[in-house]
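Have the viewer ready as you read.

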Amino acid sequence: MIRTKSPSRPAVRPSSSDGQAMVEFALALPFLAILLFAIVQFGFVLNNYVEVSQAARVGARKASLGRKSGDGASAAIQAARRSAAHLDQQQLDVAVNPNQPWIRGAPVRVRVAYPFQVSVLGFVVRSGDLTSEAVARVQ
């Protein structure tokens, strides 16, 4: 049996720029991670705001149709709360103004507020209330 020698390949050595790129990535990674967490938190707050806005519109619509019923304001509050079912109901604040009796053509306002908090890696960046108000004419 005759053995042939396999052609030898030169060893591949990483260039110094590969190490530099790895160090730059390691330095930039925390900032990119914080940016990603901030975008996710912003998405949660935006979703909550959309739900709050929709709840105010639903409540105003229900109030505008509830002139003849004696419990139009409470029906509007319940409709707004049902519309914002994904939010914590204990923290959701719904108000109807003015109180009944309503006259036809008069505006009725439904105000919905919900607290929010933007935290990135455990640090609170911003907090407050998401508030939306919808106005409808009583029919």
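## Ground rules

Two strands count as paired if DSSP finds at least two bridges between them. Helices (H or I, at least four residues) and strands (E, at least two) are DSSP runs, numbered from the N terminus.

This is a predicted model, in which local features need pLDDT of at least 70 and side-chain atom pairs count only at pLDDT 80 or more, while totals for chains, interfaces and linings use all residues. Residues are numbered from 1 along each chain as its sequence is written, and side-chain values use heavy atoms, with hydrogens and water left out.

## The chain as a whole

The protein chain has 2 helices and 3 strands, running α-α-β-β-β from the N terminus on. Of its 139 residues, 27% count as buried, meaning under 20% relative accessible area with a 1.4 Å probe and protein chains only (over 50% is exposed, and in between is partly exposed).

## The sheet

The 3 strands form an open, antiparallel sheet in the order S1-S2-S3. S1 and S3 (123–137) are at the edges with a single partner strand each, so one side of each has no neighbour in the sheet. From one strand to the next, the twist averages 20°; axes here are lines fitted to C-alpha atoms (for helices, over the stretch in contact), with angles from 0 to 180 degrees between N-to-C directions.

S1 and S2 run antiparallel and are joined by 5 bridges. Val 94 has Val 112 as its bridge partner in S2, and Asn 97 stands opposite Arg 109.

Pro 98 lies in the loop between S1 (93–97) and S2 (107–120).

## The core

A nonpolar core is a set of buried Ala, Val, Leu, Ile, Met, Phe, Trp, Tyr and Cys residues joined through side-chain atoms within 4.5 Å. The largest one holds 21 residues, of which Leu 92, Val 96, Trp 102, Val 110 and Val 112 touch the most other members. Helix H1 (16–65), helix H2 (72–83), S1, S2 and S3 each give two or more residues to this core, and H1 gives the most, with 5.

Which residues does Val 112 contact, leaving aside its neighbours within four places in sequence? With contact meaning heavy atoms within 4.5 Å, the partners include Val 52, Ala 55, Ala 56, Leu 92 and Leu 130.
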